[in-house]
Each structure stands twice: as C-alpha cells, then as structure tokens.
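Reader: I am new to protein models. Please show me how to read one, step by step.

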Amino acid sequence: AEVVVMATAKRKRPWEEEGFQCPYLPTVNRMALDFDFEKACSVTGHKHNVYACLVCGKFFQGRGKHTQAYTHALQDGHHVFMNLGDGRVYCLPDGYEVEENSLRDIQRMLDPRFTKEMTSTLDTTPVFARGVDGSDYMPGLIGLNNIKSTDFVNVVVQSLARIPPIRDFFLHPENYAQVKSALVSEFGALLRKVWSPFNFKGQVSPHELLQAVQ
C-alpha cells in the first residue's frame, strides 16, 4: 500500500506573526534610565555583552539562558533589554528582537550622533530640549555632576566643549576612530552627551571619563 506522508507547516510563534507588537513596551520606564555610568553588569562586574533593563535601569550581562539578564527577566518580570554596545532591543526570556520606532529616543540617548549639518548650526541656531521629567535645557549648556570633588575637571570639560574646532572634531567619532585611547573615546562620548538634544535630563555625569583618566 502506498503511504502518503503529509507535511505540516511549522506553527509560527506570536512574535513571528506580521503586525506583532511587543506587549511589554508599556513597562519601559524612561525615568529609571541612566547611561552615564560604567557599562558593567551589576551582578558580575563584567563589561562584555552588557544589557540595560529598560524597566528598572540596571545593567546585566548576556541574554541567553542562564545569563544574568535572562535570570532577571524571570525573577523580576522585567522583559525589555537594550544592548549597550549597539542599542538593539530584545524581549527576554523569549529572546526576540524588538524593532520599534518608539524606542528611538532611548537609542539616541545611549549613543547620540551628529550630522555635519547639525554641527554646522550649533553656534547659529539655538536649540531647546525637554527632559523626561519635564525640565527644559539647552544642549551645550547643561551641567556636569560633581563626583567626589571633581569640579575642577568639569570646568576644563565645559571650557573645551565650548571651543568650536575641538567640539566639532569630537562630535564625530569617525574623526578619532583609529585612536586607541580610552580617554579620547570617553571625552568624545561626553561631549556628544553635553551637546545632545536627546538627553532625558538637563545634566550628565563625567563618570566614564574619570574612569578613563584613572
């Protein structure tokens, strides 16, 4: 007798369906997010493959099974995580990537970028921005947090940030991408935050720059 084997289509998971939207996006808490500090796992202290929980703001390593981020998702019910290296967002423990335009403001705060056109108008066109707490600020004129009496460092940074040739050079990471210096990299990152119109608050912390100095 002839045997006919019927192939059954693999059932799609919910996030593979067209039009699916992550149900955990409303749990993202922008007030809890701060990317100014050392990007290291809050459990292991490791700096490789670190994710920020977009619900509580804590940093955890990895996203696969048995990693700190995966465990945090299961134990605390926090499901939305952003890779601090490339800004990609994932839902854990399911593991699917969340591609949603509503998260662009967080990605811009993590890694602010400037076009040549934006840089060319910094001294001619005033820009006003508003933090998530409702406070207004002007990019380039925001405060730097004082960490253990480091106000003298803040004065130097604020002065250099207002010198157009220096500022314009460091606002574009491609200008110093080949320089193997953490100090140069962190100074550039701090200047981009100082001039960024995407901050969630009217001040930034020079913590990572100070870490590079040490």
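Author: We go from the overall fold to charges and salt bridges.

Author: This is a predicted model, where local features need pLDDT of at least 70, side-chain atom pairs count only at pLDDT 80 or more, and totals for chains, interfaces and linings use all residues. Residues are numbered from 1 along each chain as its sequence is written, and side-chain values use heavy atoms, with hydrogens and water left out.

Reader: How many helices and strands are there?

Author: Helices (H or I, at least four residues) and strands (E, at least two) are DSSP runs, numbered from the N terminus. Here the protein has 7 helices and 9 strands. Its C-alpha atoms fill a box of roughly 85 × 40 × 40 Å along the principal axes.

Reader: What share of the residues counts as buried?

Author: Buried means under 20% relative accessible area, exposed over 50%, and partly exposed in between (1.4 Å probe, protein chains only). In this protein, 40% of the 214 residues count as buried.

Reader: What do contacts say about distance in sequence?

Author: A contact means heavy atoms within 4.5 Å. Take the contacts between residues at least 6 apart in sequence: 57% of them join residues at least 24 apart.

Reader: How many positive and negative side chains are there?

Author: Lys and Arg count as positive, Asp and Glu as negative; His and the chain ends are not counted. Each charge is placed at NZ of Lys, CZ of Arg, CG of Asp or CD of Glu. The protein has 23 positive and 24 negative side chains. The centres of the two sets lie 3 Å apart.

Reader: How many salt bridges does the count give?

Author: A salt bridge is a side-chain nitrogen of Lys or Arg within 4 Å of a carboxyl oxygen of Asp or Glu. The count comes to 12. One of them pairs Lys201 with Asp34, with the closest N and O atoms 3.7 Å apart.

Reader: Which parts does that pair tie together?

Author: Lys201 lies in the loop between helix 6 (182-195) and strand 9 (203-204), and Asp34 in the segment before strand 1 (50-53), so the pair ties together parts 167 residues apart in sequence. Asp34 is partly exposed, at 24% relative accessible area.

Reader: Is Arg167 buried or exposed?

Author: Arg167 counts as buried, at 1% relative accessibility. Arg167 forms a salt bridge with Asp168, N to O 2.8 Å. Asp168 is partly exposed, at 25%. Elsewhere, salt bridges that share partners join Asp34, Asp36, Lys193 and Lys201 into one network.
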